[in-house]
Amino acid sequence: MNHWMGKSALERNVGARADEELDEAWTDAFVLEVDGQGRFSAKDALPVDLKDRKEREDGDVLLGSFDGRAWFARPVQAIPEGASATWRDVDTPWQAPVAAAVALVRWHAMAPHCENCGAVTAPEDGGTRRRCPDCGQLAFPRQDPAIIVAVLDPSDRLLLASQRAWPSDRVSVIAGFVEAGESLEQACWREVAEEVGVTLEATAYVSSQPWPMPRSLMLGFVATTRQDTVEPDGDEIAWGKFWTRAELRESLAGESIRLPGTTSIARDLIDRWLCGTLVKPEPLITNG
C-alpha cells in the first residue's frame, strides 16, 4: 500500500505555541537544514541532525513530532555539495517530516507579504503560519492541486509518455496542474486531451501525495479511454504509447526505458497496474 494513504508518521504541530513551549521542544529536537532549492542536509539520503546547534533561531520551523522527538526545520542559504539530498531521495517513513520541512521552509522564503495589504508578515505558532502586523490577516501554507492519471485503453494497456524536457528513455503517466474553476476530474480529461490527444471515457480517484517542489498536492487517478493510439502534442510530450504488461517488463529488463522513482505516486500507479490491482472506473452514466 502507498504509505501516504495511512496515518502520517509525523505528528503535526497543533495549536498555538508560546516561546517557552518552543524552547522546551527544542531541548531534544532533531534539527534539519533546508535550503531554498528544497535540498536538506543528508548523508546517504538520510536526514542529518544539525549537531552544532546552540540555540533556537527565529527562522526555525517546528514541524511536529517524529519518532519520539520534536523536529525543527532550519532555513539556510545553501547546503554543501555532497552533503544534501532532495525530499524524493529519502526512504519511507522519513518522507513525511522531510516533505513538511521542504514545503514550509520554501513557503516562508517565497511568500513573506500579506495578500490583503501587502505588508511584510511575520511567522508565528512555531512557523506553521504567518500574521500581518498591520491588518492582522493570517496566512497559511498554500498547496497547488495537480492531477496525475494512469490511462488504460480497451485492451487494458497503460499509457506512458516522455516529456521533451526529459531524457528520451524516461517515461511516466500524464500529469498537470488543475486550473481555476475546474474539478479534478475535468483536469484529467483536459490534460490527457491536450498532451496526447486522447479522450477519456471515465475517471476514478486512487490516492494522493504531497509534492513540495514547488508546493503541490498530487492527486492520483485511473482513467479509461476507447482509443488505442496517442498523438503527442510535440510541445510538452515528445512521444508516448500504450504498453502491455509484457512489453513494459521486457523494456525495463533490457533497460531501454526508465520509470519514475519508487517513492513517487506516478510509480505507485504504474506498479498497481503491473500487479493487476489498479481498478478500472465504471463508465459515466449520462441522461437521455
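Colleague: Where is the place of Ala45?

Modeller: Ala45 sits in the loop between β3 (39-43) and β4 (46-47), where strands are DSSP runs of E with at least two residues and helices are runs of H or I with at least four, numbered from the N terminus. This is a predicted model, in which local features need pLDDT of at least 70 and side-chain atom pairs count only at pLDDT 80 or more, while totals for chains, interfaces and linings use all residues. Residues are numbered from 1 along each chain as its sequence is written, and side-chain values use heavy atoms, with hydrogens and water left out.

Colleague: Why does Ala45 count as partly exposed?

Modeller: Buried means under 20% relative accessible area and exposed over 50%, with partly exposed in between (1.4 Å probe, protein chains only); Ala45 has 24% relative accessibility, and therefore counts as partly exposed.

Colleague: Why does Glu255 count as exposed?

Modeller: Glu255, in the loop between α4 (245-253) and α5 (265-275), counts as exposed because its relative accessibility is 67%.

Colleague: What is the phi of Glu255?

Modeller: The phi of Glu255 is near 60 degrees, a positive value in a residue other than glycine, and that of Ala45 is near 65 degrees, also positive. Most residues other than glycine have a negative phi.

Colleague: Which side chain of opposite charge is nearest to Asp35?

Modeller: That side chain is Arg39, 5.4 Å away, and the buried Asp35 has no salt bridge, a term that requires a side-chain nitrogen of Lys or Arg within 4 Å of a carboxyl oxygen of Asp or Glu. A polar atom of the Asp35 side chain does, however, lie 3.0 Å from the backbone nitrogen of Gln37.

Technical notes:
Lys and Arg count as positive and Asp and Glu as negative; His and the chain ends are not counted. A polar contact is a pair of N or O atoms within 3.5 Å; within protein, one must be able to donate a hydrogen and the other to accept it, and residues adjacent in sequence count only if both atoms are side-chain atoms.
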